[in-house]
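This briefing sets out what can be read from the structure shown here. Please keep the sequence and the coordinates at hand while reading.

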Amino acid sequence: MLRLRNLWWVAALAVALLVPQILTNPAYRNIAVLTLIFTACTTSWNMFSGYSGYVALGAGAFYGTGAYTMALLSKHLNVPGNGNMFWLVPVGGLAAVLVAIPVGLIALRVRRHTFVVITIAIFFVFQLSAINANFTGGTGGFTLPYIPWMIQDYQLPFYYVALAILVFAIALSASVRRSRFGLQLLAIRDDEDRALGLGVKVFPVKLTGFAMSAFTIGMCGALYAMLQGQIYPQFVFDPIFDISIALMAFFGGFGTLLGPIIGGLVLESSQQYLTVTYSNGSLYLILFGVLFLLVVLFMPQGIVVFTREWWAKRQDRLASTGEVASVQGGNS
Amino acid sequence: MSELLSANGVSKAFGGVQALDNCTLHVQKGSITGLIGPNGSGKTTLFNVMTGYVKPDSGAVTFEGNDITNARPNKVFAMGIGRTFQLTRIFARISVLENMLVATQRDESWLRGLTRSMSSTSELDAAMEWLDFVGIARLAQLPAGSLSYGQRKLLELAYVLVADPDVILLDEPAGGVNLTLINEIGEKIRTLNEAGKTFLIVEHNMEFVMSLCDSVTVMHQGSDLVTGTPSEVRSNPLVLDAYLGGSDDDDIIEEIAHG
């Protein structure tokens, strides 16, 4: 039997499946694909950073790795420009995992601010390598095999693959949250040393979570490269990407399951919409600035937590009307 | 009685401060052993060395005859040594029950944690039983951060117990809690001890230590000064000197002498 909460998920999926039937304009479909990609990334980022409290600002390294894996493999394996290229998407994810393991081995030895700074530094190592290496084509970019699909329906397959990745990311994040492993991540967030003293193998747990989150982000990068047909180091290894997905998670609710989904859907779609509508690539930055100010000022824990607490308070108020409120006391 | 846990000639310096200086401590199986001493005498550092949080410069820690000097804290816990902290450390943003479940795995592989749910029915039952034992079962679903200080102490005790350790190291279990709760915690310790658990307790509350412990070790400037039964320790002039030299707290001297 389906519970009410599960019904919501089913309804959301049904709507998501119908979106491209309503949005027939390729420009809007493109927005929808990018929105799904970013939402999957922020959900996956939050699955590690949100649960464990290790705010990583180098996710772009995995995104770019996925993108270049797609680009290089499709070229060197002579993959023809058609739907078969989608098979390289999970390969891009695996490549990101292979990158995440050594990165994690270094970065996860330190905590908090140091960890943030180290992840940023490692990210720039990747960006600079992509700019300067020969096999990436440098700043001139890298052209992927041309896919001769009709312009009108070009985005359609990408939309469904991106949706599948998002569903995967959400399912993974939800099952991690319910597993012993997820509990250990949450314990690490609250007090890592105490968790260690209660038998949690903190380092392997952190490294596994870090690598798992890289997998989805790498897949998204690969899909993005295939969608664009041409990639540049500064756009797939993009520091704005690092910050964006973190901000989306904070906006929606850092460390919650639902928060990054809402953050990604709202922020990425509005950003793309503003960019397309006003053909102004930086207008969204102003809107984002205002939005984030509001969130930080009025709901620092994000929309989801804020709404949940507001609702709980409301219920409490309704329940306790007429009662003498004496919650205080308690002897210990 | 046989020896369960011991520190032999342990030394540890932090920079220029000799926190532990050739310190030796024996905990007999089935005992309640007290560890007292003035502030800064190295009690907590000794706890940290014995539970793997701090590596000693020299000396050894043994548990059931095995050397565990360089074992990591998770390994130490898995072997059956549980501890609490002086400043209670709980996981504030997860529920009380989830706090309990963190500790239930003992030496499970971390990969196993990926594929299993948070708890099995038996683990859940055990967690609730221990919460009931310390008297906070009704708070199981609340976020642990909403507990009062005393309730946090109880939770910390409960989640150490849930993994069924052989010996439990308590760092100031009576610190900062009211008299009723102190007595309650003392009762719990006695009950558990009768059921076979061994305890090592650091505590400043002399009445608590003297009434509860079978054996008391007094630490002074990083080494063990005197070991004996509570009455032996109480009448030993060296102990009075240690406290006299270490602090001006007349009450404590009064307490040791007459408490």
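The points below are grouped by topic.

The structure is a predicted model. Chain B has 11 helices and 10 strands, and 33 of its residues are in contact with 24 residues of chain A. The largest nonpolar core holds 166 residues.

**Chain B as a whole**

- The radius of gyration of chain B is 18 Å, close to the 18 Å that the globule rule gives for 259 residues, so chain B is as compact as a globular protein of that length.
- The C-alpha trace of chain B spans about 55 × 40 × 35 Å along its principal axes.
- Buried residues make up 46% of the 259 residues of chain B.
- Among the contacts in chain B with a separation of 6 or more, 67% are between residues 24 or more positions apart.

**The sheet of chain B**

- An open sheet in chain B is formed by 6 strands in the order 6-7-8-3-9-10, with mixed pairing.
- Its edge strands, each pairing on one side only, are strand 6 (81–83) and strand 10 (223–228) of chain B.
- On average, neighbouring strands of this sheet are turned by 20° against each other, direction ignored.
- Strands of a sheet pair through backbone hydrogen bonds, either parallel or antiparallel.

**Strand 3 of chain B and its partners**

- Strand 3 (residues 32–36) of chain B pairs with strand 8 (residues 198–202) of chain B in the parallel sense, over 4 bridges.
- Within strand 8 of chain B, B:V202 is the bridge partner of B:L35.
- Strand 3 of chain B also runs parallel to strand 9 (residues 215–220) of chain B, to which 4 bridges join it.
- Within strand 9 of chain B, B:V216 is the bridge partner of B:G34.
- Strand 3 of chain B is largely enclosed by the rest of the structure, because 5 of its 5 residues are buried.
- Both faces of strand 3 of chain B are covered, with B:I32, B:G34 and B:I36 buried on one side and B:T33 and B:L35 buried on the other.

**The largest nonpolar core**

- The members that touch the most other members of this core are A:I37, A:A162, A:L223 and B:M100.
- Helix 8 (residues 202–228) of chain A gives the largest share of this core, 15 residues.
- Beyond its neighbours within four places in sequence, B:M100 is in contact with B:A127, B:W130, B:L131, B:A158, B:Y159 and B:V162.
- In soluble globular proteins, nonpolar side chains tend to be buried together.

**Helices 2 and 8 of chain A**

- The axes of helix 2 (residues 26–52) of chain A and helix 8 of chain A come within 9 Å and cross at roughly 170°.
- This crossing makes helix 2 of chain A roughly antiparallel to helix 8 of chain A.
- Residues making the contact include A:V33, A:I37, A:A40 and A:C41 of helix 2 of chain A, and A:F210, A:I217, A:L223 and A:L227 of helix 8 of chain A.

**A:Q234**

- A:Q234 lies in helix 9 (residues 233–236) of chain A.
- With 15 other C-beta atoms within 10 Å, A:Q234 is partly exposed.
- A:Q234 and A:A40 are 194 residues apart in sequence, and 21 Å apart in space from C-alpha to C-alpha.

**Contact between the chains**

- On the chain B side, 33 residues are in contact with 24 residues of chain A.
- Elements of chain B that give two or more residues to this side are helix 2 (73–79), helix 3 (96–102), helix 4 (110–115), helix 6 (149–161) and helix 7 (179–194).
- Helix 2 of chain B gives the largest share of the side of chain B that touches chain A, 4 residues.

Definitions and conventions:
Residues numbered from 1 in each chain as written. Chains lettered and ligands numbered in written order. Predicted model: local features only at pLDDT ≥ 70, side-chain atom pairs only at ≥ 80, totals over all residues. Core = buried A, V, L, I, M, F, W, Y, C linked by C-beta atoms within 7 Å. Buried ≥ 20, exposed ≤ 12 C-beta atoms within 10 Å, placed from the backbone. Contact = placed C-beta atoms within 7 Å. Rg over C-alpha atoms; globule rule 2.2 N^0.38 Å. Pairing = 2+ DSSP bridges. Axes fitted to C-alpha atoms, helices over the stretch in contact; angles between N-to-C directions. Parallel < 35°, antiparallel > 145°, perpendicular 65-115°, else oblique.
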